[in-house]
Each structure stands twice: as C-alpha cells, then as structure tokens.
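The following paragraphs lead the reader through selected parts of a structure, strand by strand and then around a single side chain.

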Amino acid sequence: MHEGNAASKGQHSESPLSWTFTGGVIELALHRAPCNELGSASLAELEKFATALQLMQSDAHALIIYSEIKTGFCAGADLRELYQRSQAMEKTEAAKGVRDFLERIHRVLNLIDAAPLTTIAAVHGVTFGGGFELALACDLMIADKMARFCFPELRLGLIPGFGGIPRLKRDLGNAVVRDLLLTGRSFNATKAQQIGLVSQIVGEGEALQAARGMAAQLRKFDRATAAAAKKFIKPIPHEELRREIDMFCELFARPAVEAGLRKFVESTDAQPYLP
C-alpha cells in the first residue's frame, strides 16, 4: 500500500487531505474541518496529489474521492480566506491572486477529469460550490440519500469558478444548468439521480462502501479499453473553462462581491454556506 502525505486513516497529519493506493485503487480522502473548504492549503495539497496521480495512474484502474467529515463532501471555496486576502491587498493584486488560484485549481481538476482511469466521487451531505465542481470532474457520482447539491455563488455576486458550468453543460441539459445556476437552490440526491447527475443512491453513510464495490467491479475490465472509451465520451471543454475564469475575475472586481463576502464572513450561522 502506498500512502500520500504521511497521513494514515484515522490518524491524520494537519494536512487537509491524504491519499492511499492499494490494489489498483487510489483513494483521496478530504478531512479538513468544518466541511473541507478549498483554500490555499487545500489547493497546495491537491496539486501534490495531481502530481502523484500522474505517476500512479498507469498502475491504477480507479480513483475514489470522498470526505471523512460528517457534515458533507465539501462546502466549496474557503470564502473567509478569500475575503481576508482581498482586504489585505490592493484591488489589482487581489484580482491577480484570484486568477492565479483559479488557474491552478483548474489545472488540478482538468487532470482528474482527463485521467485514464475511472474516477468516482462518493458524496454525502453538503456538496456545494467548489465541492460540487470537484465531484463533477469525476466520471461517476455515488451519493448517499442525505447528499445535497448546490451552486450558491449567485448570492455572492459570482458564478461557479472551478469549472462547474462547462462540466454541467457537458453532462446535462442547459435547463438544469440554468436552474442550479440562477436560482441557487439545492437538489437532493433523488432529484440529482432523476436528472442524470448521480449514477447511484445508497443509504446514509454507505457511499464510500458502494464506491469501493464499484471499483472492484471495474477491475474486471480491460484498462486500455476503458481509457479509450472515456476519452471518446468525455471531452474536456477547455475553451469554456477559460471563459469561465475570465467571467469570474470580471465579476470579482465588482463592489457587490465584496459586500456578499463580508456578509458571509460576518454571519453568525453555524453553517453560513447553506442556502
């Protein structure tokens, strides 16, 4: 068994994530409280994982991404860090930092999206914003019955920035994209399966077990054939992804965004990311 980040299951270092590689299956575990918010520390570790993935993927047939945090899979971008950094810098410098962050996380998600092995997101609870976008980079999504999906960025004056819009457009109809993007409402697991977002719903707390069962089944198939089929049916929408970064950066410069982020940061709600 190979381990990443020197973090073993149940006994993690301070890293926000860790990974293992056993029997041809790579497992990426997210474990940053309170709900795996994606900030600079998480991105740096995701970049390390992406480098390791390129070395492991020739010997692997499946990748599972899951969360060990009870609250959910991932609440999305670390908005507190984003606000604090934007306040500590000049506007031009802050905008540059945002673009750099987006380009880096897009590189990671594009590598996961295009990896020549089958990728499975095992999700539960909160799967919002950037967390939803991380799951969308995977080939298949298994959700426990308590999972909820949402793009809440509109209330901040923003759009999803980690590739969510182009990937949703690739996989689902535009009506669904508009519903999620323009209303900010959340979909439960049943609705997500009905629209083709989720391939399987399982009982509460059973998503990882189901993903491992699926990964074991995938081992029976020829890897080269599976990789070729994936490449054929899952093109990366590079041009639209670049346009999404541009649009996000344009919107980020508006006063409405600063006001939305401040409201989020000053919220006394236990889970301010909930719609």
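Both faces of strand β3 are covered: V25, E27 and A29 on one side, and I26, L28 and L30 on the other, are all buried, where buried means under 20% relative accessible area with a 1.4 Å probe and protein chains only. In a regular strand, side chains alternate between the two faces of the sheet. The model is predicted, so local features need pLDDT of at least 70 and side-chain atom pairs pLDDT 80 or more, whereas totals for chains, interfaces and linings use all residues. Residues are numbered from 1 along each chain as its sequence is written, and side-chain values use heavy atoms, without hydrogens or water.

Strand β3 spans residues 25-30; strands are DSSP runs of E of at least two residues, and helices are runs of H or I of at least four, numbered from the N terminus. Strand β2 (residues 17-22) pairs with β3 in the antiparallel sense over 6 bridges, pairing requiring at least two DSSP bridges. Within this pair, F21 has I26 as its bridge partner. The two strands form a hairpin with 2 residues between them, and G23 in the turn has a positive phi of about 60°. Strand β4 (residues 62-67) runs parallel to β3, joined to it by 6 bridges, and L30 stands opposite S67.

Elsewhere, E244 belongs to helix α10 (residues 238-252). A polar atom of the E244 side chain lies 2.6 Å from the backbone nitrogen of G163. Beyond its neighbours within four places in sequence, E244 is in contact with several residues, including H106, E133 and F162; contact means heavy atoms within 4.5 Å.

Notes
A polar contact is a pair of N or O atoms within 3.5 Å; within protein, one must be able to donate a hydrogen and the other to accept it, and residues adjacent in sequence count only if both atoms are side-chain atoms. Buried means under 20% relative accessible area, exposed over 50%, partly exposed in between (1.4 Å probe, protein chains only).
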